[in-house]
Amino acid sequence: PKVIVTLPGNGGGGHEATQRGMRELLEEIEFPCVFYDCAMAWMIDTNADNPMNNIFGITGEQLYNWGLRQGAFVAWFTSNFCHWGQFFALNIDVNLAGVFGDALGIFYGDVCGRMCARTFAYYQPDLILDFTQGTGTVVYSGLKRAGMLHIPVLKVVSDFEGRGAHRWIEDVRQYIVCGTSKCRKEALDFGVPPHQVVQTSGMILRPGFYEQRSESTGTKPRAHRIKELGLDPTVRTALVCWGGVGSAKVMDVGRTIARCRSRVNIIFLCGRNNDLLESIKAHAWGDVRVLAMGFTQEVSSYMQLADFLVCKPGPGICSEAAVLHLPMIVEWSTFTLPQEVPVSRWVIERGLGLGFHSIRQIKARVEQMCDLLGPDMTKVYGPRPFPGEGLEGVDRYPQANRALFEVPGILKHVLSTHDY
């Protein structure tokens, strides 16, 4: 079997969810390969020469995730700080210190590239599957030092754009898996050969989002499942989620929803934010029925119980909601993370939901959504195909996301056609 080394990322939840979805499907179909996970980002952040870790005892990913747990401005600031800090630090290490050391013939600089070289030489991969952004310089430096530049690198972009706030597309030698038409255009404009750019029909999701639950499959009726969770099946159910890391903002969102004219159930998905989970459980919600959950792999189950979703515009969660025909209310403000602004635009322009720019506006948006859904407890969901030149996949047909099932064909094509 072929050997594939995967480079996962843990900044936010999107990288992890994309990788997990691909692995679950490939293991289920017994794809003929052996996977080895290499936590390259963690290795770079925690190596002995990293000043940030030595001085502050924290990694870039930990700082980024801490920022996401805070309010809007702090999340926006730390996101930009981590992005540019990574960009300058890696380029100084590889392209300045590393080149200087090589010119003098001494062991100096390019600590990250040398680390990657040792990893690649040990595993001898046939393919490198990269789920991280901003690390292309390091990966190719490692391949060069290991004498393995012939090994293909397949970059899986988990944002809507590849050259926007995050730099996914960094080298013309990369194979690029894009989920949107904009990302594909960016890759081609950057100079990546067309045969190395693959546009899927959307973001890569986990298999559970394609497993519709219904009475015909032996699953209990939705109203019965809602009642079992201690919620009221006679009113609408809002699902509130701010990513896999969670955010302190969720509590303010919940309080605002609880004051709405239309009484609704609220399901909170708090991610890995245990402080938020305990705060919600301890709060007095009056006659509003509430369910609070920590990090869970059953997000699709809770989405199928909800009538609408209130969330930050993460590319993953919004794509998941679109596949399940779940209307959304998404944030779009001055401090929306730059890489998530295109997602807000996609949700609103494609008729997938409503937008809000401040917590105060959520109450009106929830009441508007309840009015749009109507009193008869049936879901109303009607996005229309979006006209536009050069648009494919979810850019034109928001619901038509089958990207996960396109992955095996993409891997087979690269492994069988790449010029080793």
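The following conversation asks how some descriptions of this predicted model are reached.

Visitor: What is the mean pLDDT of the protein chain, and where does pLDDT stay under 50?

Guide: The mean pLDDT of the protein chain is 85, and 91% of its residues reach 70 or more. Over residues 214-218, however, pLDDT stays under 50, and for this stretch the model has 2 contacts beyond four places in sequence. Where pLDDT is low, the predicted coordinates should not be read in detail.

Visitor: Why is Ile-317 called buried?

Guide: Ile-317, which lies in helix 13, has a relative accessible area of 15%; the cut-off for buried is under 20%, and Ile-317 therefore counts as buried. Apart from neighbours within four places in sequence, Ile-317 is in contact with Cys-241, Met-303, Leu-309, Cys-311 and Lys-312. The C-alpha atoms of Ile-317 and Met-203 are separated by 9.8 Å, with the two residues 114 places apart along the chain.

Visitor: Why are helix 13 and helix 14 called roughly parallel to each other?

Guide: Their axes come within 10 Å and cross at roughly 20°; since angles under 35 degrees count as roughly parallel, helix 13 and helix 14 are therefore described in that way. The contact is made by Pro-315, Cys-318, Ser-319 and Ala-322 of helix 13 together with Val-343, Trp-346 and Val-347 of helix 14. By residue class, the contact of helix 13 with helix 14 divides into 6 nonpolar, 1 polar and no charged. The crossing of helix 13 and helix 14 is left-handed.

Visitor: Is Thr-78 buried or exposed, and what is Thr-78 in contact with?

Guide: Thr-78 has its place in helix 5 (residues 72-104), and its relative accessible area is 6%. Because buried means under 20%, Thr-78 is classed as buried. Leaving aside neighbours within four places in sequence, Thr-78 is in contact with Leu-63, Tyr-64, Trp-66 and Gly-67.

Visitor: How do you know whether Asn-273 counts as buried or exposed?

Guide: Asn-273 sits in the loop between strand 8 (264-269) and helix 11 (274-282). Its relative accessibility is 9%, and with the cut-off for buried set at under 20%, Asn-273 therefore counts as buried. Leaving aside neighbours within four places in sequence, Asn-273 is in contact with Arg-69, Val-245, Gly-246, Ser-247 and Ala-248.

Visitor: Why does Glu-30 count as exposed?

Guide: Glu-30 belongs to the loop between helix 1 (14-28) and strand 2 (33-37). Its relative accessibility is 67%, and exposed means over 50%, so Glu-30 is placed in the exposed class. Phi of Glu-30 is near 55°, a positive value in a residue other than glycine.

Visitor: Where is Gln-124 found, and what is its phi?

Guide: Gln-124 is found in the loop between helix 6 (111-123) and strand 3 (127-130), and its phi is near 50°, a positive value in a residue other than glycine. Just after helix 13, His-325 takes a positive phi of about 60°.

Notes:
Residues are numbered from 1 along each chain as its sequence is written. This is a predicted model: local features need pLDDT of at least 70, side-chain atom pairs count only at pLDDT 80 or more; totals for chains, interfaces and linings use all residues. Side-chain values use heavy atoms; hydrogens and water are left out. Helices (H or I, at least four residues) and strands (E, at least two) are DSSP runs, numbered from the N terminus. Axes are lines fitted to C-alpha atoms, for helices over the stretch in contact, and angles run from 0 to 180 degrees between N-to-C directions. Angles under 35 degrees count as roughly parallel, over 145 as roughly antiparallel, 65 to 115 as roughly perpendicular and the rest as oblique. A crossing is left-handed if the near helix is turned anticlockwise from the far one by less than a right angle, and right-handed if clockwise. Contact means heavy atoms within 4.5 Å. Ala, Val, Leu, Ile, Met, Phe, Trp, Tyr, Cys and Pro count as nonpolar, Asp, Glu, Lys and Arg as charged, and the others, Gly among them, as polar. Buried means under 20% relative accessible area, exposed over 50%, partly exposed in between (1.4 Å probe, protein chains only). pLDDT is the predictor's confidence in each residue, from 0 to 100.
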